[in-house]
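Here is a short report for a first look at a structure. Start with one side chain, then widen the view.

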Amino acid sequence: MALTATDKKEIERISRNEIKDFLKKAQFKNRVIELVDKELATSNSKFSREHKKRVVDISTKVLIELYRTFWLRRSFWEPQLKNVK
């Protein structure tokens, strides 16, 4: 006997609810956090080196964009700073 479309959707709904419930459990969440912390703490870890490089790249790009935005919109904030006494 084949499953109908309604049966399939019901199975999908139940599966999604079960997965959500499992992911919400503190035990699972804590285990994931411990694994990530452990991997990042390892000084000679490949992930740690790549992670640091990515953080530096992203931070650099964000700061450059921030300063560029400040420069382009200086007419907006510059008079306000001049009025501060």
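## The model and its fold

This is a predicted model. The protein chain has 85 residues. Its secondary structure comes to 4 helices and 0 strands. Read from the N terminus, the order of elements is α-α-α-α.

## Surface

Of the residues in the protein chain, 2% count as buried. The cut-off for that label is a relative accessible area under 20%. The protein chain exposes about 8400 Å². Carbon and sulfur atoms supply 61% of that area.

Side chains of opposite charge can pair when their charged atoms come close. The structure holds 3 salt bridges.

E12 takes part in one of them, with R16 as its partner. The N to O distance is 3.9 Å. That falls within the 4 Å cut-off, so the pair counts as a salt bridge. Both residues lie in helix α1. They are 4 residues apart, about one turn of the helix.

E10 and R13 form another salt bridge. Their closest N and O atoms are 2.5 Å apart. Both residues sit in helix α1, which covers residues 5-24. The spacing is 3 residues, again about one turn of the helix. E10 has a relative accessible area of 36%, so E10 is partly exposed. R13 is also partly exposed, at 40% relative accessibility.

Which residue forms a salt bridge with R68? The partner is E65, and the closest N and O atoms are 3.0 Å apart. Both belong to helix α3, which spans residues 46-72. R68 and E65 are 3 residues apart, so about one helical turn separates them.

How accessible are the two residues of this pair, R68 and E65? R68 has a relative accessible area of 45% and counts as partly exposed. E65 is partly exposed too, with a relative accessible area of 42%.

## In brief

The chain is built from 4 helices and 0 strands. Its salt bridges number 3. The pairs are E10 with R13, E12 with R16, and R68 with E65.

Key. Residues numbered from 1 in each chain as written. Predicted model: local features only at pLDDT ≥ 70, side-chain atom pairs only at ≥ 80, totals over all residues. Heavy atoms only, no water. Salt bridge = Lys/Arg side-chain N within 4 Å of Asp/Glu carboxyl O. Helix = DSSP H or I, 4+ residues; strand = E, 2+ residues; numbered from the N terminus. Buried < 20%, exposed > 50% of the residue type's maximum accessible area, 1.4 Å probe, protein only. Areas by Shrake-Rupley, 256 points an atom, 1.4 Å probe, with all protein chains shown as cover.
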